Amino acid sequence: MRLRNVPGSREAIAEHPLCILEENPQAGNWHTVFGNNHPIHIEVGMGKGQFITTLAQQNPEINYIGIEKYSSVLIRALEKTDALETLPENLRFVRMDAENICNMFAEHEVDRIYLNFSDPWPKDRHAKRRLTSTTYLGRYDKILKPEGHVEFKTDNKDLFQFSLEQVEPAGWHLDAFTWDLHHDETLNQGNVMTEYEQKFSSMGNPICKLIVSR
Ligand code: SAM
């Protein structure tokens with residue numbers, strides 16, 4: 001993603017009631033943040049937030065947390081939620097590098113993790129930075145409930161193949177996968193499109209999806 005600095009975005013995020021910063025970890029405290037014991041679903045690398053904001057509006061009984069590294073991207077998600085009639089009570093945004101995700105959530109605090117159109121990091125030497133690498137699956141293993149799962153979508157076939165190959169060495173189980181989500185009657189049910197998904201599927205790229213659990 002090409003990033004343009006958005007002046008004032010860091011300050012606006014720091015002051016926004018829906019935002020939490022990496023410096024203020026909420027591990028073990030999320031149910032207090034939301035004021036209820038509803039399940040917690042997170043999206044790592046949420047970008048401009050269309051996916052998680054839509055899910056939060058559709059499912060008020062689930063708490064959603066979008067994680068994004070860059071203020072200049074996160075601010076776009078905030079602009080969208082600010083334009084809504086009321087701020088969704090079940091939605092929060094965290095500005096952080098997901099490398100440190102285990103500081104932000106306690107053991108088994110999260111019920112589901114979404115990864116959508118994650119950065120491919122095409123060079124072999126950067127493979128550990130891919131959000132579906134065994135390194136990241138190890139981090140998710142700590143914060144996810146035993147019965148929880150990870151859902152990943154991408155149009156990048158190399159990244160998808162790499163991700164499929166990470167499942168077994170990480171000690172995870174491949175529950176379902178497709179190389180063409182939008183033509184898969186079962187997996188496409190209730191699918192909520194992300195910004196990148198809309199862009200790439202409109203260009204004719206098939207969308208791949210996998211679901212993994214322990
Ligand atoms: N999920 C969105 C979608 O599908 O439209 C955005 C996809 S965009 C290609 C990937 C996003 O993940 C970018 O906004 C990027 O800044 C964010 N990202 C990449 N690595 C990250 C990390 N380690 N921690 C948090 N966010 C990250």
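Predicted model: local features only at pLDDT ≥ 70, side-chain atom pairs only at ≥ 80, totals over all residues.
Start by selecting Asp 155, whose place is in the loop between β6 (144-154) and α7 (157-167). With 19 C-beta neighbours inside 10 Å, Asp 155 counts as partly exposed, since a residue needs 20 or more to be called buried. If you leave aside residues up to four places away in sequence, Asp 155 touches Phe 200, Asn 205, Pro 206, Ile 207 and Cys 208.

**The whole chain**

Along its principal axes, the C-alpha trace spans about 40 × 40 × 35 Å. Buried residues make up 37% of the 214 residues, and among contacts between residues at least 6 apart in sequence, 77% join residues at least 24 apart.

**The ligand and its shell**

Select the ligand next, together with the 20 residues that surround it, of which the closest are Gly 45, Gly 47, Ala 98, Thr 194 and Tyr 196. The elements that give two or more residues to this shell are β3 (63-68) and α8 (195-202), and α8 gives the most, with three residues. If you colour the shell by class, you will find eight nonpolar, five polar and seven charged residues.

**Two sets of annotated positions**

Which residues does the UniProt annotation "binding site", from an unreviewed entry, cover? One such annotation covers Glu 43, Glu 68, Asp 97 and Asp 119. These four span 77 residues in sequence, yet no two of their C-alpha atoms are more than 13.6 Å apart, so they gather at one spot.

Pick out Glu 68 from this set and follow it into strand β3. Glu 68 counts as buried because it has 26 C-beta neighbours inside 10 Å, and, not counting residues up to four places away in sequence, it touches Gly 45, Met 46, Gly 47, Val 73, Leu 74, Phe 93 and Arg 95. Then move to Asp 97, which is found in the loop between β4 and α5 (101-104); with 11 C-beta neighbours inside 10 Å, Asp 97 counts as exposed.

**Arg 95, a contact of Glu 68**

Return to Glu 68 and step across to Arg 95, one of the residues it touches. Arg 95 is found in strand β4, and with 23 C-beta neighbours inside 10 Å it counts as buried. Draw a line from Arg 95 to Leu 21: the two are 74 residues apart in sequence and 5.1 Å apart in space, C-alpha to C-alpha. Leaving aside neighbours within four places in sequence, Arg 95 is in contact with Ile 13, Cys 19, Leu 21, Glu 22, Glu 68, Ser 71 and Leu 74.

**Helix α3 and the cores**

Select helix α3 (residues 50-58), whose buried residues are Gln 50, Phe 51, Ile 52, Thr 53, Leu 55 and Ala 56. What do the buried residues of α3 pack against? Their partners are β2 (40-44), β3, α4 (71-82), β4 (91-95), β5 (110-116) and α8.

In soluble globular proteins, nonpolar side chains tend to be buried together. Here the largest nonpolar core has 43 residues, and those with the most contacts inside it are Val 44, Ile 67 and Ile 113. The largest share of this core, five residues, comes from α4. Apart from it lies another core, of six residues, among them Leu 159, Phe 160, Leu 181 and Cys 208.

Finish on Ile 67, which touches Ile 42, Glu 43, Val 44, Gly 45, Met 46, Val 94, Met 96 and Ala 98, not counting residues up to four places away in sequence.

How values were computed:
Residues numbered from 1 in each chain as written. Near = placed C-beta within 6 Å. Helix = DSSP H or I, 4+ residues; strand = E, 2+ residues; numbered from the N terminus. Nonpolar A, V, L, I, M, F, W, Y, C, P; charged D, E, K, R; others polar. Buried ≥ 20, exposed ≤ 12 C-beta atoms within 10 Å, placed from the backbone. Contact = placed C-beta atoms within 7 Å. Core = buried A, V, L, I, M, F, W, Y, C linked by C-beta atoms within 7 Å. UniProt positions renumbered as here; feature names shortened; annotations may be inferred.
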